[in-house]
Amino acid sequence: MVGTVSRVFLLIGVVMTAQLWRCTAYASDGFSVEFIHRDSVKSPFHNSSLTAPERMLAAARRSTARAAALTRSFVAGGSPDGAVSEVIGKPFEYLMYVNVGTPPTRMIALADTGSDLVWLRCSNDTTAQPPNVDFHPSNSSTFGRVGCDSAACRALDGTSCGTDGSSCKYDYKYAEGYDTIGVLSTETFTFEDAPGGCMGCRDRPQLRVANVNFGCTTSTFGVFGGDGIVGLGDGTMSLVSQIGADTSFGRRFSYCVAPFSAPNASSALNFGSRASRSRARSPRAVLFPSHGNAFHIIALEDIKIGNATFELPNRNRYEVVLDTGSMLTYLVRALLDPMVEELKRRINLPTVVSPDHTLQLCYDVYDVNRRSLFEKNVPDITLQLIGPGAPELTLKPENMFAELQEGFMCLSVAPVTDQQPLAIIGCIAQQNLHIGYDLDKGAELQYNHWANSTK
């Protein structure tokens, strides 16, 4: 298993197409899987009784719990017990399918850039209630257990040995009494490839990765969505690191977040060369190591709206977590409050009370003429990032505003608090972006236009 590399490569490209499956390149040395939002019609958690604004409001409210969980994990260097994952209850947004074992069992798990451990529900005696699925180790010819003296067992906090020393047991605790208990194991994982982003193709090639270390969970306390969690963090136990160690792909992955206004569009999660979108003129920015290597962190110098610049006094950088589990973005009030005032001045329409108490700025655009004025007046917001060449990331109106109630457009940025001081860039801000990580290279971020980089 490869060691942890704290400096990473991050690529961000603007996705110019409406169907995000096009964000996958036609490259042979890699693979792609669907990155499924929990509210997508392809998700087992899709609730057809809700309107699109109602789903967005529910997602915004989930962000509060998610942000609090990430804060506890970040401050503790992983989790209250030293582990690198912190997932509580149902605050998750994206899922991916994995096929585990021989013959394979198809399971759907939370895909989480804010954690490292891969774990799945296991049972030899019972059957999970739909839509959940259990993996039955006794039915697989490739299942194995991780020994107590192994590097994988030592890499995971909260482990203990069986009486004969042949198995590595774990009790992985989370906040508010949630935890997962099981045996650290190895298994063959099979991924259904989507070459060229072909999510609907009948004959999709498969990639098999043997001896993946994962938690074979036999007991959980608390409500975890899906059949487990796939950690995409920077540590040695993450799926990205393990694929990089066992294949020629390297520790590279990327994802594209489909616009939430296109519910039938598929997002993509790419590995290997399909995660690369480098261009010579692309600006580059730094990614910073985090506690426990579970988070992906960039830093801002300032934020610009037109010719107005907002920055933190006596501070040359402001670190923020890029997170796929939070819908909202969270910023300190010293940045957010003047941003809100500048947006009010430029949009110049009457404001309304937000349907979610954490959000600061909303407009009633139910009237067609008022919506037209709103769309015309909303400015771009530019993030000045830390890195060579002073890179900038421009966020369009759809990256910063969301319809949380029929006819109510709200700024999808909430203030950090004393209880939740962690700054986060969430999924709404990441729409129409191709975000890629190369955990084997020097720390840099690249930003380019997707339409010019699909070859």
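**Entry 1**

I began with Cys-161, which counts as partly exposed at 48% relative accessibility. I applied the accessibility classes as follows: buried is under 20% relative accessible area, exposed is over 50%, and partly exposed lies in between, with a 1.4 Å probe and protein chains only. I then noted the basis of the work: this is a predicted model, in which local features need pLDDT of at least 70, side-chain atom pairs count only at pLDDT 80 or more, and totals for chains, interfaces and linings use all residues. I number residues from 1 along each chain as its sequence is written, and I use heavy atoms for side-chain values, leaving out hydrogens and water.

Which residue forms a disulfide with Cys-161? I found Cys-148, with the two sulfur atoms 2.1 Å apart; a disulfide is here a pair of cysteine sulfur atoms within 2.5 Å. The pair links distant parts of the chain, 13 residues apart. I located Cys-148 in the loop between β6 (144–145) and α2 (151–155), and Cys-161 in strand β7 (residues 159–161). Helices (H or I, at least four residues) and strands (E, at least two) are DSSP runs, numbered from the N terminus. Cys-148 counts as buried because its relative accessibility is 13%, whereas Cys-161 is partly exposed.

**Entry 1: Cys-153 and Cys-168**

I next recorded a disulfide joining Cys-153 to Cys-168, with an S to S distance of 2.1 Å. Cys-153 lies in helix α2 and Cys-168 in strand β8 (residues 168–173), so that I have another link between distant parts of the chain, 15 residues apart. I read 85° about the S-S bond, and this link is right-handed. Are its two cysteines buried or exposed? Cys-153 is buried at 4% relative accessible area, and Cys-168 is buried at 0%.

**Entry 2: Cys-362 and Cys-410**

I then looked up the disulfide of Cys-362 and Cys-410, whose sulfur atoms are 2.0 Å apart. This pair also links distant parts of the chain: Cys-362 is in strand β21 (residues 362–364), Cys-410 is in strand β25 (residues 408–411), and they are 48 residues apart.
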